[in-house]
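Biologist: I am new to reading protein models. Could you walk me through one, feature by feature?

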Amino acid sequence: MKPLHDIVIAGAGIVGWLAAASLARNHAGRGGSVTIIPLPGGDDSLDPFGPAAPLMPGGVEGLAALLGVGPPDILRAGGGGFSLGTAFQGWAGDGSVSFLPYGQTGAALKGVGFHHLVWRVRAAGAPVRMSDYSLAALAAQAERFALPSPDPRSVLSTLAPAAFIDLRGLAALAQRQALDAGARLCPAPLSHVRRDGEGKVAALVLADDHAVTGDLFIDATGPRALLATPGNGWQNWRHWLPCDRFAVAQETTDGPPPPYALHSADASGWTRRIPLRRGAWVTKLGSGPGHFHSGRRDRAWDGNIISLGAAACLLDPVGGVALSLLVSAIRRLLSHYPVIPGAGPEAASFNGQGAEEAERARDFLILRFKTNGRTGDPFWDAARAMDLPDPLAHKLALYESRGRIPLYDGEMFDRPDWINLLDGAGVRARRCDVQANGLSDGEIMAHLDRLRGVLLRAAGDMPPHAQALAQLLGEAA
């Protein structure tokens, strides 16, 4: 059977254009074609939660590599800034505040993990907050920023910044890269899907009745999943991620954007605020006219159809993983290319890795709801009472027993992320690392004091976020 040379993408939104640019660049010099077909209406191909999206650490570099541009080009086109983490208000109860930073928190002492050191001195009565020993958290509080250092001896090497992106600007950049690489945009939008007797896509029929055929079809049509075969179901995760309504609004703002997102809980859900260089986007979860169900498709690669973006997986945005999941899926597709039609080993590998990634990201998001401290609100009381998927239940049980975090295949979040989330939610282990018993309280406190001093000086030496961003982009602050 011949390799799949002619690729047709349904959906000319952020998902479609990122896929088109990546595949067209991969096609360069190999023959074949990449055709993209627009849809009527707005772009919800990544998710329906508005045009502002977070990128996880390393995401800017990953996007730049896919599109063949530099990281500053991504930030410039995306109209956003850097992110050092997320501030959470009200999740542990009205008036509560915590910060979930990116990057390293604290430092081990004589082989004892930092969180075990913190638990030891807390047991002795010291009111220690983990985030006070994160350079990212301290810099975010002061709205300062610096790029991480490649020198592991530098305190700046503990940083792992993420970013905020306006998907409209990023889609425009991806469109230019795709067309320059030889992709073709159809002038008429999609009308309907023509299938063969086995349910596979035979052609996409446009509004002008022209039929577009291909070897492989990419479903970038968002939650509607217009190309999905009837037998390729949707795994609904609403039991664990209970928000299913949303509303999106834009805010005007004065001054430069802060280097963090804000997630505020209320009695019936929560609200996300993402700052961009021109205003902010606010998404209310738990109420509103929009409707969605968190979950994933049974098979992202099904016959001659590959689903990407919200057609493959849609999650509550509390983890900010949608764009990073998309980048990972496109890279995974490229690693399985050239491909052969049917459900062969490539499809099985693609689907297995994608399922693992989606479910491990889901588990991190579930924990945000499970560990809430809002008592008396039916929505949050039910979230605390939920049962957990087996891998997450095991992870939480081991942490509560020993302070250990096992990592599985497909994890998008690292151990410091899990530990900071759990500690910020007030979840404590019953036992510390036995090696911590060999350290005195005074020895640990001296270590913490040294760390705190180094981190405070480093944060104070950083330029304001707006100045650092303008310098990287070659703009006036």
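Modeller: We will go through helix packing, sheets, hairpins and a few loop residues.

Modeller: This is a predicted model, in which local features need pLDDT of at least 70 and side-chain atom pairs count only at pLDDT 80 or more, while totals for chains, interfaces and linings use all residues. Residues are numbered from 1 along each chain as its sequence is written, and side-chain values use heavy atoms, with hydrogens and water left out.

Biologist: What do the labels for helices and strands stand for?

Modeller: They are DSSP runs, numbered from the N terminus: helices are H or I with at least four residues, and strands are E with at least two.

Biologist: At what angle do H1 and H7 pack, and how far apart are their axes?

Modeller: Two packed helices are described by the angle between their axes and the distance between the axes. The axes are lines fitted to C-alpha atoms, for helices over the stretch in contact, and angles run from 0 to 180 degrees between N-to-C directions. Here helix H1 (residues 14–27) meets helix H7 (residues 322–335) at about 30 degrees, and their axes are 11 Å apart. That makes H1 roughly parallel to H7; the cut-offs are under 35 degrees for roughly parallel, over 145 for roughly antiparallel, 65 to 115 for roughly perpendicular, and oblique for the rest.

Biologist: Which residues of H1 and H7 make the contact?

Modeller: Contact means heavy atoms within 4.5 Å. H1 contributes Val15, Leu18, Ala19, Ser22, Leu23 and Asn26, and H7 contributes Leu323, Leu326, Ile330, Leu333 and Leu334. By class, the contact of H1 with H7 has 9 nonpolar, 2 polar and no charged residues. In this scheme Ala, Val, Leu, Ile, Met, Phe, Trp, Tyr, Cys and Pro are nonpolar, Asp, Glu, Lys and Arg are charged, and the others, Gly among them, are polar.

Biologist: At what angle do H8 and H10 pack?

Modeller: Helix H8 (residues 345–370) and helix H10 (residues 390–402) pack at about 55 degrees, with axes 10 Å apart. H8 and H10 are therefore oblique to each other. Arg360, Asp363, Ile366 and Leu367 of H8 touch Pro391, Leu392 and Leu396 of H10. The contact of H8 with H10 divides into 5 nonpolar, no polar and 2 charged residues.

Biologist: Now the sheets, please. What is the strand order in the open sheet of 3 strands?

Modeller: Strands of a sheet pair through backbone hydrogen bonds, either parallel or antiparallel. Two strands pair if DSSP finds at least two bridges between them. The open sheet of 3 strands runs S3-S7-S4, with antiparallel pairing. Strand S3 (52–55) and strand S4 (82–83) stand at the edges, each with a single partner strand, so one side of each has no neighbour in the sheet. S3 and S7 pair over 4 bridges in the antiparallel sense, and Pro54 stands opposite Phe164 in S7. Helix H6 (residues 167–180) lies across S3 and S7, at about 80 degrees to S7.

Biologist: What is the order in the open sheet of 6 strands?

Modeller: The order is S8-S2-S1-S12-S21-S20, with mixed pairing. The edge strands are strand S8 (184–185) and strand S20 (301–302), each pairing on one side only. H1 lies across strand S1 (6–10), strand S2 (33–37), S8 and strand S12 (216–219), running at about 170 degrees to S2.

Biologist: How many bridges join S9 to S10?

Modeller: Strand S9 (residues 190–195) is joined to S10 by 5 bridges, and these strands run antiparallel. Arg195 stands opposite Val201 in S10. S9 and S10 form a hairpin with 5 residues between them, and Gly199 in the turn has a positive phi of about 90 degrees.

Biologist: Why is S10 described as largely enclosed?

Modeller: Strand S10 (residues 201–206) has 5 of its 6 residues buried, so S10 is largely enclosed by the rest of the structure. Buried means under 20% relative accessible area, exposed over 50%, and partly exposed in between (1.4 Å probe, protein chains only).

Biologist: Is Lys110 buried or exposed?

Modeller: Lys110 is exposed, with a relative accessible area of 61%. Lys110 lies in the loop between strand S6 (97–101) and helix H4 (114–123), and has a positive phi of about 55 degrees although it is not a glycine.
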